[in-house]
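Reader: I would be grateful for a close look at a single part of this model.

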Amino acid sequence: MPRRTPVTLNHVEHGSGVPVLALHGWVPDHRLMSGCLEPLFAGRPGFRRLYPDLPGMGATPLPGEFTGSDDLLAAVEDYVDEQLGDSPFLLVGESYGGYLARALVGSRPDQVLGLALLCPVGVLDHPSRTLPPRQVLLGDPALPDGVDPALVEEFTAMAVVATAQTLHRYVTEIRPGVMVADRAGLDRIQRRWPLSVDPDTGPAYLRPTLVLTGRQDDCVGYADQFGLLDRFPRATFAALDLAGHNLQIERPALFEALMHDWLDRALT
C-alpha cells in the first residue's frame, strides 16, 4: 500500500512473537508505554513489543503539512503497514493513544486480536468531560526533601499517589517525553484535534477488550468512558481507586493483574 505520510515513526522494539503495538498519549513518548509494559512482559515471553513515538513527540518529527489528528492517525496506519503488514496484533492505547487505537480498531477490526485502553480519552473536548476534583490521596511528607520544588509542583499537579516511588517513575518514564515534545507543532494539531471520522461510531468490536480508568483522574475522568462499552461487548471495565491519569505507576500491581487477564482472554 502506498505511504499516506512523509514521516517514519521512531520506535523501540523488544522481543519476538505475537506483536503488541503500544500507543502513548498526548505529549509524552514511547517511554511511558515501555515503562509500564516491559515489567509485565519480563516473565511472559512470546511477544514482540512495538513502542513508537507519535509525530511531534519523542524522536519523531512533526511534518509542517500535518494539521490535525487525521494526519497522526495516517502516520500510525503507515507504521502498522510497514512493521506488521496484515499480521494480527494486540493493541494498547493510553489517553490520546487510546483515541487513535479505537480508530485503528475501526479500520482493522479483523487484524486487532485484542484492545487495551489505559486512561483513554472518552470525550475529546476537555470542557465537556465529566471530571472528579483534583486531589492527592496518598502523599509522602518527605517527598520535597532534596527534590527541586518546581519538579514536585509539576509532579503533584497530576499525581493522586505522590510518593518517592511514583515520582521516580514519573521522572524516568513520563517527564522525558514531555520535555522534548514539539509544543508549537502540537498546538497546531489541537486546532483540528477531532478525527474526521468519529472512532466511536463504528460497529461493535467483538474481541476481548480492557478499559482501565482512574477513579480520581481529573484529566480524562472515568465516567465518560463507560459510554464506550456498547461498542465493546467483551470489555472488562475498571475504575481504580487511588489512581489518577498515571494509574499505571500508581496502582502497578492491579494494572499488571488486569493486563495479564486481558492477554489471557485475547489469546484464548
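Which residue in strand 4 is the bridge partner of Leu23?

Author: In strand 4, Leu23 has Gly93 as its bridge partner. The model is predicted, so local features require pLDDT of at least 70 and side-chain atom pairs pLDDT 80 or more, while totals for chains, interfaces and linings use all residues. Residues are numbered from 1 along each chain as its sequence is written, and side-chain values use heavy atoms, without hydrogens and water.

Strand 2 (residues 18-23) pairs with strand 4 (residues 89-94) in the parallel sense over four bridges; pairing requires at least two bridges found by DSSP. Strands are DSSP runs of E with at least two residues, and helices are runs of H or I with at least four, numbered from the N terminus.

Helix 8 (residues 252-266) packs on the sheet and touches strand 4, as well as strand 3, strand 5 (112-118), strand 8 (209-214) and strand 9; a contact is a pair of heavy atoms within 4.5 Å. The buried residues of helix 8 are Phe255, Leu258, Met259, Trp262, Leu263, Arg265 and Ala266, where buried means under 20% relative accessible area, with exposed over 50% and partly exposed in between (1.4 Å probe, protein chains only). Because these residues cover an arc of only 160° around the axis, they lie on the same side of helix 8; the arc is taken from the directions between the helix axis and the C-beta atoms.

Among the residues that Leu91 touches are Leu23, Leu21 and Trp262, leaving aside residues up to four places away in sequence.

The whole sheet is open, with seven strands in the order 1-3-2-4-5-8-9 and mixed pairing. Strand 1 (11-14) and strand 9 (235-240) are its edges, each pairing on one side only.

How values were computed: Axes fitted to C-alpha atoms, helices over the stretch in contact; angles between N-to-C directions.
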